[in-house]
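Here is a short note to read beside the model. Take the points in order and find each one in the picture.

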Amino acid sequence: MNLTLKVWRQKNAKETGSFATYQVRDISPDMSFLEMMDVLNEQLISQGTESVVFDHDCREGICGMCSMFINGEAHGPDRGVTTCQLHMRKFKDGDTITVEPWRAKAFPVVRDLMVDRSSFDRIIQAGGFISVNTMGNLPDANATPIEKHDADAAFDAATCIGCGACVATCKNASAMLFVSAKVSQFALLPQGQVEAADRVRNMVNQMDLEGFGNCTNTGACEVECPKGISIENIARMNREYLKASLIS
Amino acid sequence: MTLKRGLFGSSLARKYWMALTGLFLISFLVIHLVGNLTIVIGTADDFNAYAAFMTSFPPIKIISYLLYASILLHAVDGIVLARQNRAARPVGYGEYRGSANAGWASRNMALLGIFTLLFLLVHMKSFWFEMHFGSLPLDANGNKDLFGITVAAFEQVWYSAFYVVAMVSLGFHLWHGVESAFQTMGWTHPTYTPVVQIAGRTLAVVLCGAFAMIPLYVLISPNI
């Protein structure tokens, strides 16, 4: 396949960036999108120009690093995948593909397609944990009975890889799906109950401080989430926060 | 401090107020529509009697102040939220396919809301202001003849057209608004949420369709 790429180039957070247009040739439909970007970078290096900076790590859909907004959608046109799991067979020969970084005030561009998502880390630091010393004599995992439904829902919430596609795709750049998944994975389990009220208050507080937008319940986040995390988690966080505000 | 932030300061608190005021305003729309239907199925005197009742019955008067407060809160809160949302993405996308993953109404709630607010201002000037502060002639029962100015307004095609467009806009606002309010309040359930969605959308179509039908009825009815 021969493709035209419109790639966002930006030197750092302070400078304004712009699109640069590149041609890539003989791309295999079996390549992942990142492998295609590797081909582009090899080409740029051989031409003596600077390669495109983008985040990537595991290349198997679990690290959540490969944040690319492709043709107007987070992680491109495929569903339930990260950029590394997106294959070039989803595109046609001769296509023009637009590649941009996640765009949100809380995700400043570091360079080109790489953004700083440490705002997510600060939200986790605000409450996304249980204050229990897990070293030493741990009780047996099966000693605390947990209803199957709750265990599954908590696990589903915990599959969030913190990639930021929810923020990127949300028209308001809201982090509600991410934060609610992290709140839910604890709220559904007995170990999370002790600090439940403080957790949701502190995490929502940090989310607001970071400058994310508000939730309009469009549902775009759950469609674009590579892990298929449901907006039912957002409803749960809304309940948890209201409960924490009113009665604790 | 916690309670204050939890109920007034945070992003979630702002959304709770949007949801609660929005749902309350729907109850007003239902009552308003019941009154308006007297134009179609009743007489001019019925409509005027209804209007007189709504402006004089003490409990209704008390609720009307709650209503004005709700409209104001819903509008101001909505504008604050929309401004925050814009600020959350200072540099926009070169290409953004919003339709790929979300409905049109849900993506345009602020726009639809602002249009509804503009309509409301015109609408209140036309009828509410005249009813409360204007000098309207009296009908046979001694009630202010609101029916007369209503028909006069609707017989102007441009006014009726504006009214119908505003109702379509409100319909889209409610299409998303009802289910969104339930989601914001956390009132979700595997069985009942789909019911709320269908009921909300049905309500939006029926309510706004019925409102929009009335000026059209006035325009084409030979009896009025």
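1. **Two domains.** Chain A splits into domain 1, residues 3-111, and domain 2, residues 117-247. Keep in mind that this is a predicted model. The C-alpha centres of the two domains of chain A are 29 Å apart.

2. **Where the domains meet.** How many residues of domain 1 of chain A are in contact with domain 2 of chain A? There are 18, and they meet 17 residues of domain 2 of chain A. On the domain 1 side, 9 of these residues are nonpolar, 6 are polar and 3 are charged.

3. **Chain A overall.** Chain A has 248 residues, and 46% of them count as buried. Its secondary structure comes to 9 helices and 7 strands. Along the principal axes, the C-alpha atoms of chain A fill a box of roughly 60 × 35 × 35 Å. Now look at contacts in chain A between residues with a separation of 6 or more. Of these, 70% join residues 24 or more positions apart.

4. **The sheet.** Strands of a sheet pair through backbone hydrogen bonds, either parallel or antiparallel. Chain A holds an open sheet of 5 strands with mixed pairing. Reading across it, the order is 2-1-5-3-4.

5. **Strand 1 and its partners.** Start with strand 1 of chain A, residues 3-9. With strand 2 of chain A, residues 18-24, strand 1 pairs in the antiparallel sense over 7 bridges. In this pair, A:Leu3 stands opposite A:Val24 of strand 2 of chain A. Strand 1 of chain A is also joined to strand 5 of chain A, residues 96-100, by 4 bridges. Strand 1 and strand 5 of chain A run parallel. Here A:Leu5 stands opposite A:Ile97 of strand 5 of chain A.

6. **Strands 3 and 4.** Strand 3 of chain A covers residues 69-70. Strand 3 and strand 4 of chain A pair over 2 bridges, in the antiparallel sense. A:Ile70 stands opposite A:Glu73, which belongs to strand 4 of chain A.

7. **A helix across the sheet.** Which strands does helix 1 of chain A, residues 33-46, lie across? They are strand 1, strand 2 and strand 3 of chain A. Helix 1 runs at about 90 degrees to strand 2 of chain A.

8. **A helix pair.** Two packed helices are described by the angle between their axes and the distance between the axes. Helix 3 (residues 148-158) and helix 5 (residues 176-187) of chain A pack at about 145 degrees. Their axes are 8 Å apart. The crossing of helix 3 and helix 5 of chain A is left-handed. Helix 3 of chain A brings A:Ala154, A:Ala157 and A:Ala158 to the contact. Helix 5 of chain A brings A:Ala181, A:Ser184 and A:Gln185. That makes 4 nonpolar residues, 2 polar and no charged.

9. **The second chain.** Chain B touches chain A through 37 residues, which meet 40 residues of chain A. Several helices of chain B give two or more residues to this side, including helix 4 (58-87) and helix 8 (157-185). Helix 2 of chain B gives the most, with 5 residues. The chain B side divides into 15 nonpolar, 16 polar and 6 charged residues.

How values were computed. Residues numbered from 1 in each chain as written. Chains lettered and ligands numbered in written order. Predicted model: local features only at pLDDT ≥ 70, side-chain atom pairs only at ≥ 80, totals over all residues. Domains from an automatic or database assignment. Contact = placed C-beta atoms within 7 Å. Nonpolar A, V, L, I, M, F, W, Y, C, P; charged D, E, K, R; others polar. Axes fitted to C-alpha atoms, helices over the stretch in contact; angles between N-to-C directions. Left-handed = near helix turned anticlockwise from the far one by under 90°. Pairing = 2+ DSSP bridges. Buried ≥ 20, exposed ≤ 12 C-beta atoms within 10 Å, placed from the backbone.
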